[in-house]
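Dear colleague,

I am handing over the structure that we talked about, and below it you will find my notes. Please read them with the model open beside you.

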Amino acid sequence: MEQTTVLNSESITSLVGDKLNDLTEMIKSTPSCLKLITKDGLLLNMNACGLEMLGVESMSGVLGASVYDLVEESHRANYIAFNQMICSGKKGDLQFEMIGLNGIRRWMETFATPFALSNGEIAHLAITNDVSARVNGEIEYNKQEIQLLEESARIESLGQFVNGIAHEINNPLTIISSRAALLGIKAKKNEIEQQYLIDGLETIMETVSRISDIIGNLQTFSTKTNKSQKSHHPLNDIVRNNLSLCKEKFKLKDIMVDVKVADGLEVFCHHGLISQTITNLLDNAYDAIENTEDKWIRIRGRKNKNNIVLTITDNGNGISSAVASKMLNPFYTTKGVGVGMGLGLALASGTMKKHGGRLYYNDKSKNTQFVLEFPILESE
Amino acid sequence: MKKNILVVDDEFAIVEVWKEVFEARGYHVSTANNGDAAVASIEESDFDLILTDMKMPGSDGIVILDHIAKSEKNPKMIVSSGFVEYDNILEKYKIDMFIQKPFLLENEIVNIEEILGK
C-alpha cells in the first residue's frame with residue numbers, strides 16, 4: 001500500500017517553510033489584485049499585482065488616493081454604488097473598466113466583501129482580476145453579430161419590399177398578358193374588328209407605361225454606397241416617388257394620404273437611403289393604422305431657419321413613453337414574432353445621423369408623428 | 001341553362017377580359033369590384049363559379065371566402081392574386097384552384113372550364 005504523508009502543522013511547515021504562516025508572501029505572489037478601500041473609495045492597501053495594474057511600483061503616491069478616479073467615467077457611478085453596498089455590509093461582484101495611471105485600459109472583475117477596520121468602520125476588501133481578453137473578445141463578437149443582424153434586417157426589409165413591388169407589377173402584367181391573349185384568340189378566329197384591336201393595344205401600351213413608371217421609381221432605391229453619392233434632391237420628388245410605390249397598398253386599406261411639401265425645398269442627401277428611411281416610416285404607419293377607423297397619413301415638409309423638416313403623421317393616438325424611449329434601439333419591436341427584427345427605426349435613425357440630421361418621435365403631437373430633420377448644407 | 005359566373009376584381013381591365021371570355025363561351029357573367037359587393041351579389045343569386053381576386057380596396061377576397069364557408073351555397077371557388085403568399089389559402093378554405101397573377105389566359109380558360117364541368 002502506498003504511504004501517504006500525514007498533513008499536520010509539522011509536516012506542512014517542513015514542506016513550505018515559514019512562508020505558510022506568512023500570508024504576506026502569498027498575497028504578494030497572487031496573480032489577482034487584492035485591495036482594501038474605504039467607504040469613500042480611498043485606497044488603504046493594495047498588493048503588488050494590483051499596483052502593477054495601476055501602473056505604479058509602490059503604495060507611496062497612491063496611499064489614500066481615490067480609486068474612483070481610476071474607474072472609467074461611464075462605469076463610475078455604478079462602482080461608487082457598489083462600494084457603498086459593500087461598505088453597508090453586503091458581499092458582491094462587479095465588472096467595470098478602469099484606466100491605470102499609465103493610461104492602460106483594463107476590464108476588471110471584482111469580488112468584494114465587507115471588512116471591519118479597527119475603528120469599527122466597514123471597509124471594502126476585494127479580489128480583482130483583469131478580464132480584458134475575455135470582454136474584448138465578447139465585444140468584438142457582439143459587433144460582428146450586430147453587423148450580421150443588420151445585414152439580415154436589410155435583406156428581410158428588401159424581401160418585404162420586393163413582395164410589395166411584385167404585387168404592384170403583377171396586376172398590370174395580368175392586364176397586358178390577358179388582353180394580348182384575347183386579341184390573339186380573336187385574331188386566330190378572324191373575329192377581330194379594327195376598333196377592338198386599337199382599344200386593346202392602347203390598353204396594353206398604357207399598362208406598359210404604368211409598369212415603366214413603377215420601375216423608374218424603384219431606381220430611386222438604388223443604394224450603391226461604395227462612394228458617397230449625396231447630392232441635392234427636391235424633397236417633393238423623394239416623397240412622391242415613395243408614395244407612388246405604395247399607393248396601391250394604401251388604397252387597398254382606404255388610407256387617405258395628404259401631402260404638402262413646400263415648393264423649392266431641396267435636401268442634400270443620398271437619395272436611396274433617405275427613400276428607404278421614408279418607406280420605413282410609412283410602413284410603420286401602415287402597420288399601426290391598417291385596422292383602425294378613418295385612416296389617414298399626413299406628410300408635411302417645410303423649411304426652418306437651420307433645417308428642413310419632414311413630418312409623417314398618422315391617425316394613431318401616439319406612442320407610450322415606455323415604447324418611445326426604446327423604439328429607436330436596435331432589435332426593439334412591438335410587432336409579433338416573425339414580423340421584422342426591430343431594426344427599421346434604428347437604421348432610419350442611423351441614416352439621418354449620417355446625413356447630419358436626426359429622426360425623432362414628436363410626443364407633443366396628439367397623433368403619432370415622426371420628424372425627419374435635414375441640415376441645410378452646401379454640396380461637398 | 002347557362003351557367004352563372006361571378007368575377008370579382010378591383011382592376012376593371014381584368015374584369016373586362018374575364019367577362020368577354022366567359023360570355024363568348026356562353027356563360028352568364030356578373031361582376032363586382034370588392035368583397036362586400038360580391039357578397040351582396042351572392043346573396044341575391046346562385047353562382048356556379050366565383051372567380052375572385054384577393055387584395056381589393058375596402059373589403060377583400062377573405063370576406064367572400066368567409067361568407068361562402070358559412071352559407072349553404074356551394075359554388076366552385078377560384079382565387080387569384082398578385083401576392084405570392086396567398087397560395088396557402090387553399091389549406092384554410094375550400095378552394096378549387098389558385099391562380100397566381102400574371103397568368104396565361106388560354107391555359108386558365110381550359111382549367112376553369114374543367115372545374116366548371118365537374
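**A helix and what covers it**

The buried residues of α3(B) are covered by parts of chain B that include β1 (4–8), α2 (35–44), β3 (49–53) and β4 (76–81); helices (H or I, at least four residues) and strands (E, at least two) are DSSP runs, numbered from the N terminus. Please keep in mind that this is a predicted model, in which local features need pLDDT of at least 70 and side-chain atom pairs count only at pLDDT 80 or more, while totals for chains, interfaces and linings use all residues. Residues are numbered from 1 along each chain as its sequence is written, and chains are lettered from A and ligands numbered from 1 in the order in which they are written.

Within helix α3 of chain B, residues 61–70, the buried residues are Gly61(B), Ile64(B), Leu65(B) and Ile68(B), where buried stands for 20 or more other C-beta atoms within 10 Å of the residue's own, exposed for 12 or fewer, and partly exposed for what lies in between, with C-beta atoms placed from the backbone. Looking down the axis of α3(B), one sees these buried residues fall within an arc of 95 degrees, so they line one face of the helix; the arc is that of the directions from the helix axis to the C-beta atoms. An α-helix has 3.6 residues a turn, so residues three or four places apart point the same way.

**Where the chains touch**

In chain B, 19 residues are in contact with 18 residues of chain A, contact being C-beta atoms, placed from the backbone, that lie within 7 Å. On the chain B side, the elements that give two or more residues are α1 (12–24) and α5 (105–117) of chain B, and α1(B) provides the largest share, five residues.

**Strands in chain A**

Chain A has an open sheet of five strands in the order β7-β9-β10-β12-β11, with mixed pairing; strands pair if DSSP finds at least two bridges between them. Its edge strands, each pairing on one side only, are β7 (256–261) and β11 (358–361) of chain A. β7(A) runs parallel to β9 (residues 296–303) of chain A over six bridges, and there Val259(A) has Ile299(A) in β9(A) as its bridge partner.

Elsewhere in chain A, β1 (residues 33–37) and β2 (residues 43–46) pair in the antiparallel sense over three bridges. β1(A) and β2(A) form a hairpin with five residues between them, and Gly41(A) in the turn has a positive phi of about 85 degrees.

Best wishes

Methods
Contact = placed C-beta atoms within 7 Å.
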